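Subject: Structure for your review

Dear colleague,

Please find the structure below, followed by an account of what was found in it. I would be grateful if you could read the two side by side.

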Amino acid sequence: MEPSLCNAIIEDSETGERLCPSLSSIISINVSPEDNSLLIARGRSIQTEYKLEELVGLYTDDAYPDRVALKFRSHKHNVLLLCSVQTHIQNILSFIHEYIALNDQDHIINNGYKLDMGSFSCMKRYTLEFNFEILSNLVLENVGVRCLIGLENMPHLRSISLSGSELGKTRREKDTFWNWMLLKNIGKSLTILLMDNVDLRVVPFEMRNLTNLETLSMAHNKLKCLPHYFGDLTAMSRLFINDNSISYFPFVLQNRTFIDINIEDNFLRLPREGETPPAYRQKPPIEKRAPEKLAHLALFSLLNNKVQFERKDINRPLWKYFNNISRCRECNKWMVVYLKNAFYEIGFLSTANYQCVANIILWQYAECLYPCKQESHR
């Protein structure tokens with residue numbers, strides 16, 4: 001069958017532990033005399049392969065036409081496939097039914113194998129009544145999440161998925177929602193964060209505290225840029241930002257080699273014929289050094305001293321600067337990036353699994369508008 005893009009959730013069928021959160025995966029099924037298998041892949045890498053002869057349960061529910069559950073004997077796994085494009089689910093089901101019919105295994109269809117299909121997409125409600133001390137994957141998808149409390153009691157939390165959810169309703173809830181990223185245990189343990197389709201317009205600056213983050217997915221949002229502090233997230237090797245409005249990458253990621261990345265459906269493209277790319281924009285005449293604004297100096301001091309703070313601790317007008325702070329490429333001085341001191345160059349994106357038509361993109365860097373090569377501002 002033609003590969004289908006779905007969300008794949010894998011669960012231990014004996015313990016009920018969620019082994020893999022919802023991730024955009026490429027699902028392919030082979031039905032042939034030589035090979036009968038279901039493949040779950042990310043990019044070009046096959047993550048899991050299940051032999052259809054090990055299939056012992058197939059379950060669908062008319063109330064949830066966008067998903068199908070499979071149970072496999074050898075791995076002792078429940079595998080749930082979800083896709084908003086129902087034709088993809090129908091295609092997957094048709095191939096599985098073909099295999100079942102050829103091998104006289106009709107008894108495995110909805111026979112003694114039933115799951116709460118709704119529980120796979122999210123927890124029904126976020127409550128501290130559960131025993132969260134052993135929780136490793138927190139899935140809150142397609143629900144309203146007003147705040148995340150109690151995460152300080154989850155020392156083993158490895159992944160959080162908020163995809164499709166409404167993150168706060170009131171202005172105050174939206175302002176305070178990201179405070180959980182400041183928790184020390186979350187900064188140490190969290191390696192996977194999924195925030196697809198949450199109406200994200202700006203990357204929350206609290207994310208700079210997630211120093212062990214390895215996988216970040218922010219697909220299907222309204223982002224226009226990635227912050228320069230992503231250079232401090234040195235563990236991040238998987239990035240999925242497809243279907244946004246991003247036009248360039250920060251230069252601090254230029255030497256990063258990603259294991260897997262998806263940047264499709266953005267504005268990351270080379271200039272069309274007749275266009276003048278930003279990379280060729282000339283520097284303005286050398287300007288005299290102007291004193292820094294006090295607000296900027298305060299921000300730079302917070303960064304240099306790695307001060308932990310919540311949004312309520314600083315004035316709202318300062319929030320916007322954190323996604324627009326970089327260092328001069330020549331002298332390493334902190335600066336707020338504006339149109340006049342932002343420059344671009346064309347370069348390559350290094351990755352093992354590249355999900356985009358072209359791998360040449362624009363990289364943004366900042367430079368002082370006065371001679372600075374002999375200066376040292378660290």
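In what follows, strands are DSSP runs of E with at least two residues, numbered from the N terminus. The model is a predicted one.

I begin with aspartate 199, which sits in the loop between strand E12 (192–194) and strand E13 (215–217). Its phi is near 60°, a positive value in a residue other than glycine. Aspartate 199 is partly exposed, at 44% relative accessible area. Its side chain meets that of lysine 222 in a salt bridge, with an N to O distance of 3.1 Å. Lysine 222 belongs to the loop between E13 and E14, whereas aspartate 199 is in the loop between E12 and E13, so the pair ties together parts 23 residues apart in sequence. Lysine 222 also counts as partly exposed, at 42% relative accessibility. Asp199, Arg201 and Lys222 are linked in a network of salt bridges.

Arginine 311 pairs with glutamate 206, their closest N and O atoms being 2.5 Å apart. Arginine 311 lies in the loop between helix H5 (294–304) and H6, and glutamate 206 in the loop between E12 and E13, so this pair ties together parts that are 105 residues apart in sequence. Both arginine 311 and glutamate 206 are buried. Glutamate 14 forms a salt bridge with lysine 76, at 3.6 Å between the closest N and O atoms. Here glutamate 14 is exposed, with a relative accessible area of 59%, while lysine 76 is partly exposed at 41%.

Next, the largest pocket has a volume of about 720 Å³. Its lining comprises 24 residues, and Trp178, Leu200, Arg201, Val202 and Arg311 lie nearest the centre. By class, the lining has ten nonpolar, three polar and eleven charged residues. Helix H3 (171–176) is one of the elements that supply at least two lining residues, and H3 gives the most, with three.

Finally, helix H1 (residues 86–102) has 17 residues and spans 24 Å from its first C-alpha to its last, close to the 24 Å expected. Which residues of H1 are buried? They are Ile89, Ile92, Leu93, Ile96, Tyr99 and Ile100. Seen down the axis of H1, these buried residues fall within an arc of 120°, so they line one face of the helix. Just after H1, aspartate 104 takes a positive phi of about 50°.

With kind regards

Terms used
Residues numbered from 1 in each chain as written. Predicted model: local features only at pLDDT ≥ 70, side-chain atom pairs only at ≥ 80, totals over all residues. Heavy atoms only, no water. 1 Å grid on protein atoms, 1.4 Å probe; cavity = no way out; pocket = protein on both sides within 12 Å on 5 of 7 lines; lining within 4 Å. Points joined across faces, edges and corners; volume = space filled by probe spheres on them. Helix = DSSP H or I, 4+ residues; strand = E, 2+ residues; numbered from the N terminus. Nonpolar A, V, L, I, M, F, W, Y, C, P; charged D, E, K, R; others polar. Expected span 1.5 Å × (residues − 1). Buried < 20%, exposed > 50% of the residue type's maximum accessible area, 1.4 Å probe, protein only. Arc of directions from axis to C-beta. Salt bridge = Lys/Arg side-chain N within 4 Å of Asp/Glu carboxyl O.
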